[in-house]
Amino acid sequence: MSQQGPDEVIALRLDDVGACSKRYEVYSDRAWHLGPLTLPANWLFLKYLPGLRAWGPYREMEPSEWLMVYRLLADFRAKLTVAVTAAWPEDEHRLIPFPQKFPQEAAVLKEGLQGGLLEIANHGLTHCVLKDNAFKPRLFSSNRRFHREFGDWLPQEEQFEHLARSQGILQDFFQTEIVTLVPPGNCFTEETLTAASQVGLCYVSCQTPPRFSQDLVVLGDTRVFPCHDRDLVLGGVAWLRQRLETLAGRRFCFVKELGEMVQAGVLPLQPPAGSQD
């Protein structure tokens with residue numbers, strides 16, 4: 001480990017913990033072509049069927065699964081940044097804070113945080129568009145685009161409100177400073193970055209070009225291995241073990257530590273040409 005250079009560092013990031021998309025983002029990308037007619041699998045119940053559904057529904061991770069993840073992280077000397085959505089919408093007017101909706105999971109995540117295995121990142125307040133319950137499943141079409149919280153459709157003052165509320169929920173419960181933002185669905189605007197800076201966030205990690213903006217380090221997914229809780233729910237902890245085995249020899253850190261190294265000049269924002277990151 002001591003002989004590894006900065007370019008061998010990598011952060012593991014797990015998204016969608018507490019996100020309502022696991023229940024409500026239901027769509028299919030399949031369709032049948034019958035001569036001149038096209039029957040999309042988004043119709044009615046079809047998008048719920050195994051083999052046709054593209055995302056949800058799936059369940060939240062259980063505390064016992066998190067404990068297995070912790071043992072695996074310890075075995076591989078790894079760390080994990082967990083992007084948590086701060087509230088679960090029952091409808092556009094009722095939001096349940098993550099620690100109330102999933103109290104046992106929240107408690108076991110706090111244990112992982114206190115044990116030095118986890119970084120908690122902000123994954124939005126709702127992960128979705130609340131207005132007119134747009135996030136709920138539709139009878140004859142996909143609702144995927146409504147599971148992106150920070151887009152042009154959300155005015156700047158509301159973006160600030162969402163980030164301020166989510167920061168309050170997460171920091172009050174986990175009793176730690178939250179400095180990393182993981183925009184849901186890789187979707188954000190310059191207004192999002194302005195609001196993020198105003199509420200104390202410092203680093204942004206998602207699929208976007210690395211850059212400095214609004215006093216933030218926008219890391220993108222550079223040197224990050226991103227995944228979703230769906231991968232573990234459907235593939236089991238064995239899925240994570242296989243991924244860690246492919247990363248053998250790398251030095252693991254949190255996303256926020258990547259940002260700190262970039263700020264300190266230890267790590268370039270963009271990997272050298274030919275890097276496998």
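Modeller: Helices (H or I, at least four residues) and strands (E, at least two) are DSSP runs, numbered from the N terminus. This is a predicted model: local features need pLDDT of at least 70, side-chain atom pairs need 80 or more, and totals for chains, interfaces and linings use all residues. Residues are numbered from 1 along each chain, and side-chain values use heavy atoms, without hydrogens or water.

Biologist: What makes β5 and β6 a pair?

Modeller: Two strands pair if DSSP finds at least two bridges between them. Here 4 bridges join β5 (residues 87-91) to β6 (residues 94-97), so they pair, and they run antiparallel. Pro89 has Leu95 of β6 as its bridge partner.

Biologist: What joins β5 to β6?

Modeller: A hairpin, through 2 residues.

Biologist: Why is a space called a cavity?

Modeller: On a 1 Å grid over the protein atoms alone, a 1.4 Å probe fits at its points but cannot get out. The structure holds 2 cavities of 30 Å³ or more.

Biologist: Which residues line the second largest cavity?

Modeller: Among them are Leu219, Thr222 and Arg223. By class, that lining has 5 nonpolar, 1 polar and 1 charged residues.

Note on methods
1 Å grid on protein atoms, 1.4 Å probe; cavity = no way out; pocket = protein on both sides within 12 Å on 5 of 7 lines; lining within 4 Å. Points joined across faces, edges and corners; volume = space filled by probe spheres on them. Nonpolar A, V, L, I, M, F, W, Y, C, P; charged D, E, K, R; others polar.
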